[in-house]
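User: Hi! I am new to reading protein structures, and I would like to understand how the terms are decided. Could you go through them with me?

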Amino acid sequence: MSRILKTSILKNPPEVLKLWFSLRCLPVPLSVNMARPLPFKIAVVSTVLFVVCTDFVFCNSGRRVGDVMDTEFSGFSVPLEHSFEVADVAKFRVRGALMLKAGREPSVSLTQSQLSEEDRAKLKEVAAVDGLYRIRVPRVFLQADRQTERQMEGYLTAFVRACAMVESHLSDVISLHIDVSGYVIGVSIVTLPGACRGTEVEDEVDLEVFNTTLSVMAPVNAPGPETALFVERMEQESEKKGKNPQEQKSFFAKYWMYIVPLVLFLMMSGAQDQSGGGAAGGAANGGGR
Amino acid sequence: MKVEHVSNSFFLCDPSFTFIEVVYHSALQGAAPSNHYVRRKHVDFRLPPFLEEQTKATAAMAKLIWFCLKCILLCSTIEAVFEDQVGKFDWRQQYIGKVRFSHFDTHVQSSKKVLLATENNVFASINTRTGELFWRHVDMTGPEGNIDALLQHGQDAVLVVGDGRQLRSWDINIGGLNWEIVLDSGSFQSACLVGYQDTVKHVAVLKKTVISLHYLSNGHQKWIENLPESETVDFQAVYSGGNGEVYVLGVVPHSHIAIVAYSLDDGEIIKQVILTPWLSNIQASCVVIGQGMLTCVDSAAVSLYTLDLHVQSQMTQIPLQVPTTMKPKAFYFIKLPDVSSSLVWTGLNLTQWSSFLKKDDSVGYRAMVQTEDHTLTFIQQPGRVMWTREEALSDVVTMEMVDLPLTGTQAELEGEFGKKADGLLSMLLKRLSSQLILLQAWIAHLWKLFYDARKPRSLVKNDVTIENLSRDEFNLQKMMVMVTASGKLFGIDSKTGTILWRHYLDNIPSNAAFKLMVQRTTAHFPHPPQCTLLIKDKDTGLATLHVFNPIFGKKSHVTPPALLQPMLQSLMLPIMDQEYAKVLLLVDDQYKVSAFPSTKNVLQQLQEMASSIFFYLVDSNQGKLSGYRLRTDLSTELIWEIVMPTEVQRIVSVKGKRPNEHVHSQGRVMGDRSVLYKYLNPNLLAVVTESTDLHPERSFIGILLIDGVTGRIIHEAVQRKTRGPVHVVHSENWVVYEYWSTKSRRNEFSVIELYEGMELYNSTVFSSLDRPHAPQVLQQSYIFPSSISTMEATLTEKGITSRHLLIGLPSGGILSLPKMFLDPRRPEIMSEQSREENLIPYAPELLIRSEWFINYNQTVSRVRGIYTAPSGLESTCLVVAYGLDIYQTRVYPSKQFDVLKDDYDYMLISSVLFALFFATMISKRLAEVKLLNRAWR
């Protein structure tokens, strides 16, 4: 069940949103496994089987998710920082706290506060000069046992155009990419919609609350050559052929009894036509005289 | 290195005007069994009527058609060369590399062979008259195939290979192997032939601690002896004078020389110590000349020491007179076989002298000289250069193909458009005059054709020289600019393989990395084309620029900027200065950017575009990929960062797309007539990582698709239980990579394709900053029956032609594998729709068909790289494979759909036309007569 959901998340973002919104209403955001099955797409099938663990949790600012998290997770938290400056010199400030849960299926949630009046004005100002909105998270190792090992030197940064952030009313999709062993290797942020059309965002309320979709993306297991299925299919085919000798005969071998008389008939009739035509022509000529 | 233009429209067409390439097979129409043809259709097209009927045909008929289709599909992918086409469009040049040992074959007076063993582990025989290869043996690369010694006696040449692991004897006439034996392990020191009373029957091999004697006839060991005091004495040379004794010379550095003599019939005879406090290395400074005369040179004291090995008296010192003005750099010994004296040469640039020869009564000399640019020159006595071989070409590092310039008249015509308009009448006159010139040239051309046609074909020679170079009709002939590891640049005509210019760059560091960029093509007529070569010392990071004209090889008058800081990255921008030279950005280790050319105009353009110029840097030591954006003051700012933990995996390669690649169709037509749009992100990078853990159960390779502008990880996949080396090709919307599967112990191919889905997000402009939805990722893997050396994709002018992968195999073949076989949409179970789409059913193994080898029997040894370039014909792609050899050919991935075949029957077509014409005339006449007759009735 969860796999179906995950793939659809990867492949079909609009559906993700739909699903996401439906999930928002649920009291416990972790209940991803309750998602309804979605129809498979043939094109997607190949990748579906190999998705290991892509869990996906949302969070929002207006709700007291933090306390729910604390009880649910034995995880740890790292700061999510953001920066938007008119001068384009990165000055990172805390935007929220990422709660990370290590384990076989790592998951993440986010608690973040609202944008202050000052920040809103600044963000709009940055958007006006086509500045960047950057985020960063510290490098984290999810699989470590001790707290000290979990955090490492350095940060992972990503950016989006500030105008896109404004025009999407702070609805962003943040993904943390982890590698095979559980290190977070990259973070990415996109806004929905992603375009900057220059539309005026008048309503200050739109820029108050972050509407963030958060996910942890683990690497997909790439498929190897599908020998077993192929061999099975070949066996089936040969079996079928063995059972039904009619099948393996060629088209001509099967239908020769119909074709030969037909051809003979055509040849005969053709010859008749010619002679008949000649006779008729002769008759006509004769008639003409 | 990616440059992003938000404003630049990647897709030129609006989707409603998009054309999709569809390939039908003529079998469906019941036409003659010709090959497929390409037809362009509108996106929302419907089935042509004949196809619609076909779909309604009975199941049996459908099966038959499918069978025919399969046959034609298979036929259409066949690309073999006809026998008479051999060498018509392709050429191969074989090289041997930098010479280590050489031997003139002197046992027959008339012999014209010279034997060469090279640092590329090649053993070859060259014709001394022409410089061509008689035969060549290419051994394993690396230390296993390293040739340690070359000895020749009569018809046999004895080689010691792989640090004394193997002893081989070759027949020098035909290059066949006489015998091969494996020796005991031990560090090889020296080898020599051992003779007794004018007959040579043995070969002695000296190792660190033992000496062994082998029969020359079959390689069997006669005896093996341990060397005395081998812990303290460094035995370095072995010598035999033909008196039944084998002398082994050892040295204790700065102390003494130890000489041990063995009898041929086993046993130590004599041991003597001579004090020579200056000597540290026998092989470097001593040689045995004449009848056992050991001669050593002391370059510090500028004197010569001699010692008779048979008598073993004291060493005698002979002071040398060297002019004080000429400071000797190094000393070289030149052996004169028949003259009992030796010369000491104060060498300058000569690195290899080979041999001298006595001819008839008079003394004649011939010498083979190898210079530091790896050119092998053969000189006969009067100072005549017989031939030269450019062995630097055995180590091509990078190359580019540059269009040839237009002819003078064509350029004249082109130049007309470039000038400012100055009045209607003068323009008209100019046009008329240039057209008159064209007419004149055409008539001259016709006359030449007529004149040549009367001569026998063998006399007509089209010698390519640098003067008569000009672009041909279909731009099939280009200039290959090749950069070699020795620092020599070559300009080679792609049609014939003639070297048109060469240029040697001095002071190239031994570990230099090269990057060749075409700043200005030949398209901007009065301005000469311009190439820039970036030479970077890998250790210090310091770089220099060499700017030159790729057609003539001359250094450009443009002075490149001096680069004082170590360089991190260089990138070509599509913006041009007023003289149409593309701008080269150089990023130094302070993350400062400098531009070349850096005129005011360029700087202004850069300032305007700065916010849309992004680039990335890869630091594989720290596993860091970071993205930067240019600021208006030409400083940079870090905008994204991805860090791979180096303890888990390391970045082995980062592949972007080729900037000159065109994609014709934006989507693929599915079986149900809907369109699956490709995800065509020009900024996409394919990053390949390998695990640091090499255990077969835990090792893996990782594939990351990263947007080079935003740093967004589009896709992350792991291929478990595999290891490298990984070869990657990244093009259009797909990435193909090859790896070794440790689980199944075989080579496998995997293909990833990216699709946007059934509708495009923003069809007019592609911007990495505005693509919120991740693409659909499809992947499939296949078994490949061979390991591969290198891989590249074909490239054509407009991207209409289907793509092939060119795979260089270690066997020397170059395989042209249709991309069609590497398609993740290949279905496991055929459905009606996939049949409609002409998908090949999935089979886990990719078979190598012998018709797919584009180089038929022309083996290309040790292919290191394949370069593809589009030609003026859409169907044709020019291919150059380089390694030890260079091979150039043309490939036609979709066959030559835009060219009439060589054997096209003009006669038949024209006679049919005429016949029809006359038939209509006659029948018209007859009809008239008939009508008239009827009217009279």
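Analyst: Happy to! This is a predicted model, where local features need pLDDT of at least 70 and side-chain atom pairs count only at pLDDT 80 or more, while totals for chains, interfaces and linings use all residues. Residues are numbered from 1 along each chain as its sequence is written, chains are lettered from A and ligands numbered from 1 in the order in which they are written, and side-chain values use heavy atoms, with hydrogens and water left out.

User: What makes residues of chain B and chain A count as in contact, and how many are there?

Analyst: Contact means heavy atoms within 4.5 Å. By that rule, 54 residues of chain B are in contact with 49 residues of chain A.

User: How much area do chain B and chain A bury between them?

Analyst: About 4,400 Å², with 57% of it on carbon and sulfur atoms. Buried area is the accessible area (1.4 Å probe) that two parts lose on being put together, summed over both. In chain B, the residues losing the most area to chain A are Val643(B), Glu716(B) and Glu828(B), which together make up 13% of what that side buries.

User: Why is the link between Arg134(A) and Glu637(B) called a salt bridge?

Analyst: The term asks for a side-chain nitrogen of Lys or Arg within 4 Å of a carboxyl oxygen of Asp or Glu. In Arg134(A) and Glu637(B) the closest N and O atoms are 2.6 Å apart, so the pair meets the rule.

User: Why is the link of Cys163(A) and Cys196(A) called a disulfide?

Analyst: A disulfide is a pair of cysteine sulfur atoms within 2.5 Å. The S to S distance of Cys163(A) and Cys196(A) is 2.0 Å, so the name applies. Cys163(A) lies in helix H7 (residues 162-167) of chain A and Cys196(A) in the loop between strand E8 (184-191) and strand E9 (211-217) of chain A, so the pair ties together parts that are 33 residues apart in sequence. With 90° about the S-S bond, the link of Cys163(A) and Cys196(A) is right-handed.

User: Which peptide bond at Pro597(B) is cis, and where is Pro597(B) found?

Analyst: The bond from Phe596(B) to Pro597(B) is cis, with omega near -5°. Pro597(B) is in the loop between strand E40 (593-596) and helix H6 (600-609) of chain B. Another cis peptide bond joins Gly724(B) and Pro725(B), with omega about 0°, and Pro725(B) is found in strand E50 (residues 722-731) of chain B.

Note on methods. Helix = DSSP H or I, 4+ residues; strand = E, 2+ residues; numbered from the N terminus.
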